[in-house]
Amino acid sequence: MTKDEVAASILFSRDAGTYDNLRRRLVPCFDDFYGTALKLIQEWQTTPEIHVLDIGAGTGLFSAMVLAQSPAARLCLLDGSFAMLDQARNRFSGIDQVEYHVADMANVDLTGADLGGNWDLIISALAIHHLTDDHKRDLYRRIHGALKPGGLFVNAEQVAGPTAISDARYSKIWHEQIRQLGASEEEIETALERMSHDKCAALDDQLQWLTQVGFSNVDCSFKAWRFAVFSGQAPN
């Protein structure tokens with residue numbers, strides 16, 4: 001990990017205990033954002049028993065939503081922060097179909113024996129934007145290679161605007177919305193400290209990268225300013 005990635009990991013570990021409570025105040029479109037991702041999974045899923053990898057799983061918030069929708073799913077939560085995964089272990093206490101793996105998503109082997117091999121579904125929420133663009137492209141390539149034929153990748157993500165003007169607009173509107181939702185100045189300052197390590201990429205670029213590494217049915221199903229849900233399938 002680079003020094004910047006280490007610093008970001010320390011910040012997320014520090015804030016692990018309060019991360020979930022803040023999510024609704026810091027993601028103004030929370031219900032539609034996660035709801036769209038879950039709907040994509042529901043529309044794709046044909047069997048109850050699916051093998052799911054959550055990349056940058058954090059406290060397991062998105063995985064918990066998937067498990068509530070698909071109770072027979074088996075999940076592996078991958079994150080670089082021990083503290084975040086400790087929160088996830090508390091969330092899933094007593095549930096034996098959830099596993100945990102501490103690793104750097106920038107270079108982990110997604111098909112390694114310790115992760116359980118290939119996947120029906122790979123998900124990520126608000127995590128991949130911490131990588132450089134080169135690492136994003138490489139991760140998308142590895143995700144494509146780790147999915148079973150017909151497998152689905154869903155990324156609920158924070159994206160950059162296509163221009164500097166758009167990006168500034170996203171930031172302005174986000175600040176307005178989260179204050180309306182009751183985020184305190186201290187919470188905003190803490191969030192901005194974490195976000196100083198973000199390396200967001202424009203949506204169109206990321207859709208192109210997914211296509212270039214071989215995904216089919218690449219699409220963006222939801223976008224509200226800086227928040228987007230996009231996906232792709234591994235060809236059958």
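Q: Where in the chain is the place of Leu126?
A: In this predicted model, Leu126 sits in the loop between E4 and H6.

Q: Why is Leu126 called buried?
A: Its relative accessible area is 9%. Buried means under 20%. Leu126 therefore counts as buried.

Q: What makes the phi of Leu126 worth a remark?
A: Phi of Leu126 is near 50 degrees, a positive value in a residue other than glycine. Most residues other than glycine have a negative phi.

Q: Why does Asn217 count as exposed?
A: Relative accessibility of Asn217 is 56%. Exposed means over 50%. Asn217 is therefore exposed.

Q: Why is Thr132 called partly exposed?
A: Thr132 has a relative accessible area of 29%. Buried needs under 20%, exposed needs over 50%, and partly exposed is in between. Thr132 therefore falls in the middle class. Its place is the loop between strand E4 (119–125) and helix H6 (133–146).

Q: What separates the C-alpha atoms of Thr132 and Cys200?
A: The distance is 8.2 Å, while the two residues are 68 residues apart along the chain.

Q: Why does Arg23 count as buried?
A: Arg23 has 8% relative accessibility. The cut-off for buried is under 20%, so Arg23 qualifies. Arg23 belongs to helix H2 (residues 19–26).

Q: What makes the link between the side chains of Arg23 and Tyr34 a polar contact?
A: The side chains are joined at 2.3 Å. A polar contact requires a pair of N or O atoms within 3.5 Å. The value therefore meets the distance limit.

Q: Which residues is Arg23 in contact with, leaving aside neighbours within four places in sequence?
A: They are Phe30, Tyr34, Leu61 and Leu126.

Q: How do you know that E6 and E7 pair?
A: Six bridges join strand E6 (residues 216–224) to strand E7 (residues 227–233). Two strands pair with at least two bridges between them. E6 and E7 therefore pair, and they run antiparallel. Asp219 stands opposite Ser231 in E7.

Q: Which residue takes a positive phi in the hairpin of E6 and E7?
A: Trp225 does, with phi near 60 degrees; two residues lie between the strands.

Q: How do you know that E2 and E3 pair?
A: Strand E2 (residues 74–79) and E3 share five bridges, in the parallel sense. The requirement is at least two, so the strands pair. Leu77 stands opposite Tyr100 in E3. Helix H5 (residues 82–91) packs on the sheet and touches E2 and E3. The direction of H5 makes about 170 degrees with that of E3.

Q: In what order do the seven strands of the open sheet stand?
A: The order is E3-E2-E1-E4-E5-E7-E6, with mixed pairing.

Q: What makes E3 and E6 edge strands?
A: Each pairs on one side only.

Q: What brings H7 and H8 together?
A: The axes of helix H7 (residues 164–180) and helix H8 (residues 185–195) come within 11 Å and cross at roughly 140 degrees. The crossing is right-handed. Residues of H7 in the contact are Trp174, His175, Ile178 and Arg179. H8 contributes Glu185, Ile188, Ala191, Leu192 and Met195. By class, the contact has six nonpolar, one polar and two charged residues.

Terms used: Residues numbered from 1 in each chain as written. Predicted model: local features only at pLDDT ≥ 70, side-chain atom pairs only at ≥ 80, totals over all residues. Heavy atoms only, no water. Axes fitted to C-alpha atoms, helices over the stretch in contact; angles between N-to-C directions. Helix = DSSP H or I, 4+ residues; strand = E, 2+ residues; numbered from the N terminus. Left-handed = near helix turned anticlockwise from the far one by under 90°. Contact = heavy atoms within 4.5 Å. Nonpolar A, V, L, I, M, F, W, Y, C, P; charged D, E, K, R; others polar. Buried < 20%, exposed > 50% of the residue type's maximum accessible area, 1.4 Å probe, protein only. Polar contact = N/O pair within 3.5 Å; in protein donor to acceptor, adjacent residues only side chain to side chain.
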